[in-house]
Amino acid sequence: MPREVDTAQRLADIAAATIAVARRSGAHAVTIRSVARELGGSTTLVTNYLPSRAALVLNALDQGRDRWDAERTAELPHTEPTERLRQLVDRSLSSTGDDSVLRTLILEIVAHAGFEPEMAAALRRESTQFLELLETTAQEAECEDPALVAQQIYLLYRGAYIASAEDPDRWTEPRLRRVILAAVDAFPRA
């Protein structure tokens with residue numbers, strides 16, 4: 001009789017192995033084979049759940065997003081609307097746990113968007129959702145032009161990914177936070 005497997009747990013384990021490979025060897029080293037090796041099994045251990053490298057990377061990002069959403073949902077509603085935008089941006093800049101590794105996986109998607117359309121489409125969906133969240137939060141904070149505020153924060157945020165990857169000694173988390181939060185504080189309020 002076959003052993004019962006918890007699919008959600010298996011996907012979480014695969015995501016953890018994906019992140020471990022990316023942390024140790026870089027995002028480019030994430031392959032079905034390297035993740036299977038990290039899990040101590042054959043490639044079918046991965047391909048039974050995720051059929052491609054794109055699905056492997058997206059699974060890791062989905063797991064990270066779900067964790068981030070749960071943390072954000074638990075914390076942000078308990079703050080005043082005027083402070084919520086600032087806290088959302090602050091939380092988005094944090095590098096706790098696997099955040100920095102997940103950002104390198106996002107940069108990997110961006111670098112290969114022309115070759116991996118499935119990954120690029122998923123990243124666009126995530127970006128759209130994040131922009132909508134920023135705009136809603138900016139509107140609640142009574143920013144004068146919530147859509148423009150959301151777009152500016154988004155560009156600052158994505159630029160922070162690149163800056164911290166190219167020169168992590170200069171663009172530390174505290175420095176990025178100071179620069180981006182200064183911009184948030186300068187947005188005109190209604």
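Analyst: Of the 190 residues in the protein chain, 40% count as buried, where buried means under 20% relative accessible area, exposed over 50%, and partly exposed in between (1.4 Å probe, protein chains only). This is a predicted model, in which local features need pLDDT of at least 70 and side-chain atom pairs count only at pLDDT 80 or more, while totals for chains, interfaces and linings use all residues. Residues are numbered from 1 along each chain as its sequence is written, and side-chain values use heavy atoms, with hydrogens and water left out.

User: How many helices and strands does the protein chain have?

Analyst: Helices (H or I, at least four residues) and strands (E, at least two) are DSSP runs, numbered from the N terminus. The protein chain has nine helices and zero strands. Its C-alpha trace spans about 65 × 35 × 30 Å along the principal axes.

User: Which residues have the most contacts inside the largest nonpolar core?

Analyst: A nonpolar core is a set of buried Ala, Val, Leu, Ile, Met, Phe, Trp, Tyr and Cys residues joined through side-chain atoms within 4.5 Å. The largest one here has 50 residues, and Val30, Val35, Leu56, Leu85, Leu105 and Ile153 have the most contacts inside it. At least two residues each come from α1 (7-25), α2, α4, α5, α6, α7, α8 and α9 (173-186). Helix α4 supplies the largest share of this core, eight residues.

User: How is a pair of aromatic rings described?

Analyst: One gives the distance of the centres and the angle of the planes. Rings of Phe, Tyr and Trp (its six-membered ring) pair if their centres lie within 6.5 Å; planes under 30 degrees apart count as stacked, over 60 as edge-to-face and the rest as tilted. By this rule there are four aromatic pairs. Phenylalanine 130 and tyrosine 154 form a tilted pair, 6.5 Å centre to centre with 50° between the planes. Phenylalanine 130 and tyrosine 157 form another tilted pair, at 5.0 Å and 40°. Phenylalanine 130 lies in helix α7 and tyrosine 157 in helix α8, so this pair ties together parts 27 residues apart in sequence. Ring pairs link Trp68, Phe130, Tyr154, Tyr157 and Tyr161 into a cluster.

User: Is phenylalanine 130 buried or exposed?

Analyst: Phenylalanine 130 is buried, with a relative accessible area of 11%. Tyrosine 157 is buried as well, at 10%.

User: Which residues lie nearest the centre of the largest pocket?

Analyst: Rolling a probe the size of a water molecule over the atoms shows where empty space is left. On a 1 Å grid over the protein atoms alone, a cavity is a set of points where a 1.4 Å probe fits but cannot get out, and a pocket is an open set with protein on both sides within 12 Å along at least five of seven lines; lining residues have an atom within 4 Å of a point. The largest pocket is lined by 29 residues, of which Leu61, Arg65, Trp68, Ile106 and Glu126 lie nearest its centre. Helix α4 gives the largest share of the lining, nine residues.

User: What is the phi of glutamate 142?

Analyst: Most residues other than glycine have a negative phi. Glutamate 142 has a positive phi, near 60°, and is placed in the loop between α7 and α8. At 49% relative accessibility, glutamate 142 counts as partly exposed.
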